Every structure is written in C-alpha cells, then in structure tokens.
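Hi,

Here is the structure I promised to pass on. Have a look at it first, and my notes follow below.

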There are 2 protein chains.
Amino acid sequence: MKVLITGIDGYSGWALALHLLARGHAVVGLDNFVTRKRVREVGSWSANPIPPFPRRQRAVREVLGQELGFHRGDTNDFDFVREVLKTERPDAIVHLAEQRSAPYSMIDVHHAVATQVENITGTLHLLYAMQEVVPESHLVKMGTMGEYGTPNLDIPEGFFEVEFRGRKDTVPFPRQAGSWYHWSKVFDSGDVMFASKIWGLRATDVMQGVIYGIRTPEITDDRLLTRFDFDETWGTALNRFIAQSILGLPITPYGKGEQRRGFIALEDSMQSLRIAVEHPPAAGEYRVLNQFDAAYSVNELAEITALVAREFGLSPTIAHPPDPRVEAEQHYYQPIHDRLIGLGYRRSRELEEVVREIFRDLRRFRRRLEAKRHVVQPVVQWRRVDSHEAIAQRGPAAPSDPPTERPPVAEDPRMA
Amino acid sequence: MKVLITGIDGYSGWALALHLLARGHAVVGLDNFVTRKRVREVGSWSANPIPPFPRRQRAVREVLGQELGFHRGDTNDFDFVREVLKTERPDAIVHLAEQRSAPYSMIDVHHAVATQVENITGTLHLLYAMQEVVPESHLVKMGTMGEYGTPNLDIPEGFFEVEFRGRKDTVPFPRQAGSWYHWSKVFDSGDVMFASKIWGLRATDVMQGVIYGIRTPEITDDRLLTRFDFDETWGTALNRFIAQSILGLPITPYGKGEQRRGFIALEDSMQSLRIAVEHPPAAGEYRVLNQFDAAYSVNELAEITALVAREFGLSPTIAHPPDPRVEAEQHYYQPIHDRLIGLGYRRSRELEEVVREIFRDLRRFRRRLEAKRHVVQPVVQWRRVDSHEAIAQRGPAAPSDPPTERPPVAEDPRMA
C-alpha cells in the first residue's frame, strides 16, 4: 500500500514511517516543521538531537535501503494538500499533522485559537481534497482517548446503545474533553464523522492513548531516532517524570495523582496504526478505535519511574504539586478496547521494560536535559487566562548546572 | 441590566435590541456587517430594505426615544472584543455574531473552513475576554437545535442520565449535526461548557429552534424592521416557501418532507432570550435551554403556506425536489423544552397567524422578491464538494419579470 503520513517529522509520524517501510509499504510524508518551532518557542528541544529532514531521509536510504518521499508544506494550505494528493494518490492517509499539546493550547487565547483553528482547518482540507481526488482512499485520523474525559461509565469505542425514556438508539459516546487541544480533537471527530456520512468516505478515528517509549525495532541507528520531548509543554507525564529523576528534580504527579489514563508503547501504537491501515473500513464507514493497551494512574507511573531510577543509582523523590489542570483527581476509568485485538493486535512491550529503555537512552543525552532543566516543572495553569508571565519567570537553567555541550540547535536552525 | 449583543445588525440581534430596550434594559451592540456582505455574495438581499446602521440607531432614537450604543468591529479581533468589554462592562452578553447559514457553509471547502474557524474563534475570544474583564457577566450563546440531529430518542436539554453496562452518569447528550455550520455550533457548545468548568463562568447555551416571523410588538415603524432573508442560502424553509408562493414558483419541501424541526415565533424567541438574560445561572453553571415552541414537519409548513397563500388570492403548488441535504426524511422527533416554561415563558403567537403577517409584509416588498427570484430555488448540494458551478448556472432573474423599482442597494453600499 502507499501511505501518506501528514506530520511525518513528529514523534509518531517518524516512527510510523519507519515501521510501514519495514513492512513493505510505500511511504510519503508531509510536514511544515511547526512542532520544532513550537518546542523552541517554549525554550525546549528534543532530548535526542533530531537531524534536519533531508538527513533523516538520507539515513533511511542508508540504513533501511528505502526511499521516503516528502513534501514540505502546511495542511492549512488547501492547494498544497490537494496537489500532494494529486501527485501521490495514496491508498491511505494517516493524519498526524496537528498541534498535539494540551498545555500549549492553554497558554493564552492566541494559543487556544491557533490550536483549534489549525487542527480543524487541516482536517477539513484533507477531507475535501480526499473527496475530490482520492475518494476511495482511507483516512486514519489521530484523535485521543482524552476526547471522552472521565465519565462514571465504561467508555465504548465511539458509539454506544442507550435507552432514554423508553426508547433506544445507538449514538456517539458523549465527549467531555479537558483542554482546548482535546476539544480540537473532538471537533475533528465530528467533522470526519460527518464527511463519512455525506460523501461515503472511509475513515478510522483513532482514540489514541498516551504513547510511551523512545524506540521501535526499526530504530537501529541513532540517526533514525524519533524525537523525545520532556518539557512541561510537549512531554507526557511519564517523559517528564523520567527527566525529573535524571535531573534530580522531584517527580511531580499532579494533585492526588489518581488520574487514570490509557497508555500504549510506541512500538505497539505503530503496530495498531499499521493494522488500521491494512484493514480499511467499508466506504462510508466511520470506525472508531480506542487505541491503548493498559490503564495506569499517574501515581503508578511515578512509582515505576522511581523504581527504575533507583536501579540506575538515582535517588528519586515524589512531590504532589497542586494540579495545574482542571480534572478529576480520583475517578472511574474503564474504557473498552476490543476492536484492535479483534484485528490481530498483540502487546509486544511492557511498561517497566520500556521505562528502563528510556532511562538508558536519556542518560546518553543527559547534557541536553540539563540545558533545559528549567522547562521541566509545570507552570501553565488551566485556571489562568494567560500563563506568559509564569513562563517568563521560570528563568534560565540553574547556573550551577550549565550545559557544557554545544547545543546542535546552534549549528542548524532546523535541528530540534 | 446592561446587555451587549454581538451581531446586533442581524435578524435576531436587531429584534432583540428593540425588545430589551422596550423592557428597560440598556443595550449596546457590535457587528462587522458581514451578513450583509455574504447575502450580496450569493446575489440576494433582505426582502425589506435594511438601512445602514447609523440610520437604524437614529430610528431607535426617534421612534423609541432610546439610545443604542454600537461598536463596529469583528469578534475575530481579540483586542477589539476586549476593548468593547472594558468600555461597556455588560451584565450579560448575547452572542449572535456568527455565520448562521447551513447552505453557505456547504458551498465549498473555503466556506466550510470560514464558517467553523470564524465561529469558534469569535466564541473563544469572547470567553477569554469575559474571564479577564467581566468574569461575573453572563454569556448567552446562540446554538441550534440542529446540534442534536434526529436521534431515535427524546432530546433532553443538553444533558441526560444514561445507564451503560450497569453504571449510571449524567453526561452531555450526543451531538449529530447536519452541516459544517451546525457542527461549528456543536464546537462552540464544547468550548463554552469547558470555559464554564475551568473558569467558573456563568453561561446559557441556547439550542435555538428555527425562528419564523418578521415583526415584534416593538417594530412599529418600517425603519425598525429587522432583515428578512428568503433566498436558498440565507432564508429558512418557511421564508422560502412564502417567497415561492408570492413569486408563483413551486413550494419545495425537500424529499419526502417529513423532516421535523422545532420552531418558534420571532417575538417568542426574543421573549425567551430576555428570560434567559433576566435569570442568569450561578457562577460556573453551564445551562442549556432548548428554545423552541412547537415541532412541525416541512410538509406541514408547506401546507400552511399554501393555505394562507390561497387566502391572498395566490395559486400555490407544492413540488418535492430531491433533498439536497443528507438527512433523514422521516424520523422520530421529540425534544424536551421545559426549562424556559419553568422560567415563565408563554407562547404569544401562533404559526398560521404569523405566516399571514409575513405574507402581508412581503407583498409590500414583492418587487424586491421579483428581482431575486433566481436565488430562491435550492442549488447547494451537501453531496458535492463544490457548488459554485451550480450557483453560477442559476442565472439572473427571469427577463419577463424585471425589477422596476430602483434597488436601494445601489444608493448605499451598506444597504442590504
């Protein structure tokens, strides 16, 4: 199959490209490199240096012996999206080119608007261009388990049968998202569902759990590493916890730390996306997959991190700062995730083993973590309308602990 | 109370301003006049001429003896929105400044994007500016009954208790909108609900039924008339049906015509909005009102129109063109609408009597209908990605029936 990956330069996009190539699919990508820019905007970078895209393509050629097509451009430019589809005519489109950070969307009104506007615009452009150019293609759209929120109910895969006042119907499961970013994903889901209905498009909407990990079997060379974010804006809780313990900072589960979420290893998320691509739904079918492997509380993540940190000779501490988000700190959480298993999904990695692997890699990049230690602890507050002052006040890295390595970003402005 | 009305130059906004003034409230408005521009874009105009805004303000002064404050500007400009709130410090904000046409949103990708982007941006700007400047104020946000779609269930007011796999919770009622426009309203609802939660804002989300009517008791002078759209893009089904019968065109309920929707008279919609304004919810409460009076099928509207048309000596015919929308043409429809009645709402107008009133007024503006008869019949198709060609092909008004009245729009570019 020929697969177009939008956002191919990102964390999932890059790992997926390698995985699909290794499985014999043709892969072409597009990206506008805005994540690199926005990670710089908050003063951070990837734990491991990420080469400019042409060097990534060269590494794929040299290490995997494969060609990776690429178009530089923005999904918010409709003519660009249409031209890419006309040129490539993909069998499937995996749409990952979206602003993906909840804290980034909560910085202020302009970040809120940019997140929602850019995300829904890119998706609408893709839907219209698909219907015009490749109506038989299959859209795999990246959503999030966070669309559902944490209702006091089991969470089905997209739809459920309800009874109300003596009547029954199967309807979309209500969405109660927890940030402007998460709402933008809810909006995308509505638009994709509607496009499938009016135009008969085939679409898979992936309710993605939180991904953890830094490697997949295809990453056999440092030049093939995908980005790994560890700052408060772009890093997941687990990534921050690991960075915190390496940096001697307290591990910070927010509030009570009983917030539970669905998680999946990077390798298994790629497995799941490939399964979705290889098993397209029927024309007009809007299919929702809850794509996670197991649920953990934030406290459990903190404890696993501390456990592994001690194996590495570190002395981690756990603190509980007030939750900067507005969310239930204790709640029921039982989402259903049967469909991917029905299509052949099997877990290949265990959380603890992956955490160990991340520690091993991050210790190699310790100096890049040290240089950015001031952006690891949380400052963006959900209850505030403007977190700029808090961001400004966190100041530079501690003077006692300066970066001694010349940051690669200085050598190449596109290096992140 | 001091009430800010965004979109005060529009159909509801203008009628609401007059109603609130008559009830002793202070009213200030904002508008960017984009509806006038977009009605011109599709080749149409209001059945009755609408004076430029300064003349509308003067008429209010002369006829009602009241001052109507006004700020010209765009809710998509955050600094403008914030400045207006700082200047006016309203007790309530009725947010009507949105692209409100489903067919307009379905013309092509750019109209789809503009509708969703502008609507959610304006709402996000208002929410942020409120929280910063007037956090105790009350946002009354205009949504639509169309957010719910037509599930095989009774439709509650926003939330319902469900049981799923042995557990119960009260959750938002699922939304299944029927156009990019209707989805934009769903998105707004999500953002307003979330803002209420994180910032403790008080908000009323109005699931508005289709409004019918051309007059309210405050409209005692032609200079005070609100706009009345009758073309396929901006006019409601009932408005088009009345225009069709006056123009000797067939009345066109789409498909089987059994689509049922909730309706409310203009005067009663204004009553409802005033009740909402005068009874604000508690801080942090997100309240949903299903604001309609009675449900009718499109066929019933066509029959009432034909009945009244015959009273006026016309010979109406009814045709059933294929439905250009993608919607159920026969379905269950039983929405609940108890809350407004609980707050004191009482019906003041009957549909048939209002239809008669519209006929009386539209006959006076018959020449303006004749001049635009080519834009009354439906051409925008939900299944098409681009309806521009169909719009271009519908051609000008029939040569046998030219406008003999010099259109006021030629005298004043802001007259619509």
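A quick definition to start: a crossing of two helices is left-handed if the near helix is turned anticlockwise from the far one by less than a right angle, and right-handed if clockwise. The crossing of α8(B) and α12(B) is right-handed. (Helices are DSSP runs of H or I with at least four residues, strands are E runs of at least two, and both are numbered from the N terminus.)

Before going on: this is a predicted model, where local features need pLDDT of at least 70, side-chain atom pairs count only at pLDDT 80 or more, and totals for chains, interfaces and linings use all residues. Residues are numbered from 1 along each chain as its sequence is written, with chains lettered from A and ligands numbered from 1 in the order in which they are written.

In that helix pair, B:Ile242, B:Ala243 and B:Ile246 of α8(B) touch B:Val355, B:Ile358, B:Phe359, B:Leu362 and B:Arg363 of α12(B) (contact means C-beta atoms, placed from the backbone, within 7 Å).

Now the two chains. Their contact takes 41 residues from chain A and 41 residues from chain B. On the chain B side, α6 (109-133), β7 (159-164), β8 (167-172) and α7 (180-199) each give two or more residues, and α6(B) has the largest share, with twelve.

Chain B superposes on chain A by a rotation of 180° with 0.0 Å of shift along the axis, RMSD 0.0 Å (least squares on C-alpha atoms of residues with pLDDT of at least 70 in both). The copies are thus related as by a two-fold rotation axis. Both use the same surface, as 100% of the contact residues of chain B recur in chain A.

Cheers

How values were computed:
Two residues are in contact if their C-beta atoms, placed from the backbone, lie within 7 Å.
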